[in-house]
Amino acid sequence: MEPGAPRGGEVSRGPARGVRPPLLRELLLVTSLFLVYKLGRLFANGHEARAFRNADRVWDAERALRLPGEGAVQTLLLHGEPLIKAANTYYALVHFPATLAFLVWLYWRRPAHYLWSRRVLALLTAAALALHLTVPLAPPRLLAATGLVDTARVYGPSVYGATPEADSMANQFAAMPSLHFGWALMVAIGLIAATRSPWRVLWSAHPLLTLLVIVGTANHYWLDALAATALLGLALALVRPPGRRTASPPRPRAGSPEAPARASRTAASPATVPAPRPAAGVLR
């Protein structure tokens with residue numbers, strides 16, 4: 001038996017459990033990705049006119065496709081001020097902390113799933129950033145044609161500056177794809193894949209709630225979520241998921257019925273039976 005090979009019946013610690021990567025390296029990687037995403041705002045300056053033209057096209061495309069109006073969701077949220085404030089709070093405070101908590105938990109409990117999820121999120125974020133820079137898009141709350149209310153600005157809390165063109169903290173013209181929805185969907189997929197609880201399907205409530213929030217607060221169009229879903233599907237197809245644990249076949253115990261049967265098969269095997277030696281004096 002090779003050194004380090006699992007014994008009979010013992011489960012191999014394969015890629016399903018994985019080896020936890022160095023913490024410092026992962027902190028630097030995740031922080032770098034976050035900074036690159038935030039600094040993308042600097043490259044979006046000067047494209048506001050194009051962002052509004054793209055927004056008109058997206059709005060018209062949704063109407064041509066007969067997608068449900070974003071206003072229907074907003075009307076439901078505007079039935080009570082506590083409800084719309086709760087939606088604004090969810091949009092402002094859940095996005096980053098939920099994703100960070102997801103990665104931290106996977107890092108300590110499911111290292112292989114952590115590496116898989118981190119790679120998928122990195123690909124998704126990089127693709128989204130490229131689209132944000134090449135196809136700037138004003139959100140529906142800034143487009144007068146939608147007739148929607150900027151709920152965060154009216155009711156609070158808001159994470160954006162009052163003047164989108166001068167907002168140095170966030171790119172307000174990066175509506176498509178919606179990373180709010182894309183990250184939330186990956187959190188649900190990652191937790192469902194990494195856990196075995198019969199209730200794990202309930203993690204899908206996070207992206208569903210996020211979808212209602214981003215549309216109802218007029219921060220995103222329906223097509224923003226569809227674009228994020230398509231990019232996430234592509235990232236999932238490119239990144240190999242973690243494998244499952246495999247068990248080596250158990251060896252038969254001494255005295256078991258299988259042991260003599262295997263011994264008899266071995267004795268009868270032509271490969272193990274020695275060839276007879278020729279008798280003395282027989283010509284070869």
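Reply: A residue is called buried when its relative accessible area is under 20%, exposed when it is over 50%, and partly exposed in between, with a 1.4 Å probe and only protein chains considered. This is a predicted model, in which local features need a pLDDT of at least 70 and side-chain atom pairs count only at pLDDT 80 or more, while totals for chains, interfaces and linings use all residues. Residues are numbered from 1 along each chain as its sequence is written, and side-chain values use heavy atoms, leaving out hydrogens and water.

Me: Good. Is Pro207 buried or exposed, then?

Reply: Pro207 is buried, with a relative accessible area of 4%. Pro207 sits in helix α9, residues 205–216, where helices (H or I, at least four residues) and strands (E, at least two) are DSSP runs numbered from the N terminus. The C-alpha atoms of Pro207 and Trp183 are 8.3 Å apart, although the two residues are separated by 24 positions in sequence.

Me: And how many helices and strands does the chain have?

Reply: There are eleven helices and zero strands, and the order along the sequence reads α-α-α-α-α-α-α-α-α-α-α. The chain has 284 residues, of which 36% count as buried.

Me: Which residues does the "transmembrane region" annotation cover?

Reply: According to the unreviewed UniProt entry, that annotation covers residues 90–108, 120–138, 173–194 and 201–219. UniProt positions are given here in the numbering of this model, with feature names shortened, and such annotations may be inferred rather than shown by experiment. For residues 173–194 the end C-alpha atoms lie 34 Å apart, and the span is 73% helix and 0% strand. For residues 201–219 the end C-alpha atoms are 27 Å apart, with 63% helix and 0% strand.

Me: Changing topic to α4, which of its residues are buried?

Reply: The buried residues of α4 are Ile84, Ala87, Asn88 and Tyr91. Viewed down the axis of α4, these buried residues fall within an arc of 95°, so they line one face of the helix; the arc is that of the directions from the helix axis to the C-beta atoms. On the other side of α4, Pro82 and Leu93 are exposed.

Me: What span should the 13 residues of α4 have?

Reply: Helix α4 (residues 81–93) should span 18 Å at 1.5 Å a residue, and its end C-alpha atoms are 18 Å apart, which agrees. The expected span is 1.5 Å times one less than the number of residues in the helix.

Me: How many salt bridges does the structure hold?

Reply: It holds six salt bridges, each being a side-chain nitrogen of Lys or Arg within 4 Å of a carboxyl oxygen of Asp or Glu. Among them, Arg63 pairs with Glu70, the closest N and O atoms being 3.7 Å apart. Arg63 is partly exposed at 30% relative accessibility, whereas Glu70 is buried at 0%. Elsewhere, salt bridges that share partners join Arg25, Glu26 and Arg118 into one network.

Me: Last topic, the surface: which residues make the nonpolar patch?

Reply: Leu23, Leu27, Leu100, Val104 and Trp108 make a nonpolar surface patch of about 490 Å². Patches are made of residues with over 30% relative accessible area and no salt bridge, with like charges joined within 9 Å and nonpolar side chains (Val, Leu, Ile, Met, Phe, Trp, Tyr) within 5 Å. Accessible areas come from the Shrake-Rupley method with a 1.4 Å probe, and for residues only the protein chains shown count as cover.

Me: Which helix gives the most to that patch?

Reply: Helix α5 gives the most, with three residues, and α1 (23–39) and α5 (95–109) each supply at least two. Leu23 lies in α1 and is partly exposed, with a relative accessible area of 42%. Val104 is found in α5 and counts as partly exposed at 42% relative accessibility. The C-alpha atoms of Val104 and Tyr114 are separated by 8.3 Å, with the two residues ten apart along the chain.
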